[in-house]
Amino acid sequence: MGNFRFYRRLHIFPGLSVNLSKSGPSLTMGVRGAHVTLGQRGVARTVGLPGTGIYYTSRSGYHSGLHSAHTESPTDPSTQTIAGHAIGWLMIAVIVAIALAIRIAIGGALGIR
């Protein structure tokens with residue numbers, strides 16, 4: 001039996017996209033060969049050689065490995081999950097609102113309705 005997977009990328013502008021998946025939303029900024037992704041698991045920076053499948057990803061933040069564990073007492077995992085989802089959706093809402101405002105401003109300047 002297999003696992004159910006879901007992933008959808010919405011391109012807002014060239015170089016800016018919103019990624020939706022079963023694990024939550026994230027925001028990707030960059031160009032082909034180099035991009036930064038901001039999501040619930042922290043920040044991921046990826047560089048690679050387009051078309052070769054060769055790439056390097058560096059992560060920081062939540063789930064980045066044992067070597068970066070904090071010395072403070074950990075927060076309850078369910079609280080972390082709820083906070084991560086709320087921050088993720090808020091980030092997506094702000095980005096979409098900004099993108100729509102920019103599109104409206106550009107459309108108004110060009111006389112497009």
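1. A quick word on confidence to start: pLDDT is the predictor's confidence in each residue, from 0 to 100. In this protein chain the mean pLDDT is 79, with 81% of residues at 70 or more. Confidence is highest in strand E3 (residues 26–31), at 90, and lowest in H1, at a mean of 76.

2. Some ground rules for reading along. The model is predicted, so local features need pLDDT of at least 70 and side-chain atom pairs count only at pLDDT 80 or more, while totals for chains, interfaces and linings use all residues. Residues are numbered from 1 along each chain as its sequence is written, and side-chain values use heavy atoms, with hydrogens and water left out.

3. Helices (H or I, at least four residues) and strands (E, at least two) are DSSP runs, numbered from the N terminus.

4. Now the strand pairing, where two strands pair if DSSP finds at least two bridges between them. Strand E4 (residues 34–39) and strand E5 (residues 42–49) run antiparallel and are joined by six bridges, forming a hairpin with two residues between them. Within this pair, His-35 stands opposite Thr-46 in E5.

5. E5 also pairs with E6, again antiparallel, through seven bridges. Here Ala-44 faces Arg-59 in E6. The hairpin has four residues between its strands, and Gly-51 in the turn has a positive phi of about 85°.

6. Ile-54 is worth a look, in strand E6 (residues 54–60). Why is Ile-54 classed as exposed? Its relative accessible area is 53%, and exposed means over 50%, buried under 20% and partly exposed in between (1.4 Å probe, protein chains only). Leaving aside residues up to four places away in sequence, Ile-54 touches Gly-48 and Leu-49; contact means heavy atoms within 4.5 Å.

7. Val-94 lies in helix H1 (residues 77–110) and is partly exposed, at 43%.

8. Lastly, the chain totals. Buried residues make up 19% of the 113 residues. The accessible surface comes to about 8800 Å² (Shrake-Rupley method, 1.4 Å probe), and 65% of that surface belongs to carbon and sulfur atoms.
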